[in-house]
Amino acid sequence: IVFGALLLAYLGLYASYRPVNYEPPQGGKYTPLLARGDGHYLYMGTLSLALDRDFDLTNQRKLAGAPFGGRYYPIGPSLLFLPTFLVAHGSAWAANLFGAGIPMHGYTLWHQRITFVATVLAGFLALVLGYRLACRHASRTAS
């Protein structure tokens, strides 16, 4: 019950967060939303894999900027983000059928919010599984 309450509280805070001074990405200007720093590059890798079916970030940099100028970032997190990004992209497409007006370039608060909540849920699942495993070998207090 405690884990569930904490998860709901976190998800509520997460859903209500809006970046200060938010500007949509334009012309290669770095305008971080939820993905900042290295996470920005990892997310752009996800965009490239999902939308271009490659790992060339050239057009993503033209859209959202490259604050560190780095060229090489790991592909693993981008692959893990891919399923939930596709859910976000599909839901944006469906919402746009009803006039939502969500840009389909993928670098939006809508897309990032849905994509990144999967990492929170995976971490929560790891905590619950670890707790249950520990309860088998120790008391609940020790777990």
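At what angle do helix 2 (residues 38–52) and helix 4 pack? In this predicted model, where local features need pLDDT of at least 70, side-chain atom pairs count only at pLDDT 80 or more, and totals for chains, interfaces and linings use all residues, the angle is about 60°, with the axes 8 Å apart. Residues are numbered from 1 along each chain as its sequence is written, and side-chain values use heavy atoms, leaving out hydrogens and water. Helices are DSSP runs of H or I, at least four residues long, numbered from the N terminus; axes are lines fitted to C-alpha atoms over the stretch in contact, with angles from 0 to 180 degrees between N-to-C directions.

The contact (heavy atoms within 4.5 Å) between these two helices involves, among others, L42, Y43 and L47 of helix 2 and P77, F81 and F85 of helix 4.

Helix 4 (residues 76–97) also packs against helix 5 (residues 109–137), here at about 145° and with axes 8 Å apart. Contributors to this contact include F81, F85 and H89 of helix 4, together with W110, I114 and F116 of helix 5.

Turning to helix 4 itself, a bend of about 45° occurs at L82, and the proline P83 follows within four residues; the bend is the angle between axes fitted to the seven residues ending there and the seven starting there. Buried residues (under 20% relative accessible area, 1.4 Å probe, protein chains only) of helix 4 are S78, F81, L82, F85, A88, H89, A92 and A95, and their cover includes helix 2 and helix 5. Just after helix 4, G99 adopts a positive phi of about 90°.

Definitions and conventions. Buried < 20%, exposed > 50% of the residue type's maximum accessible area, 1.4 Å probe, protein only.
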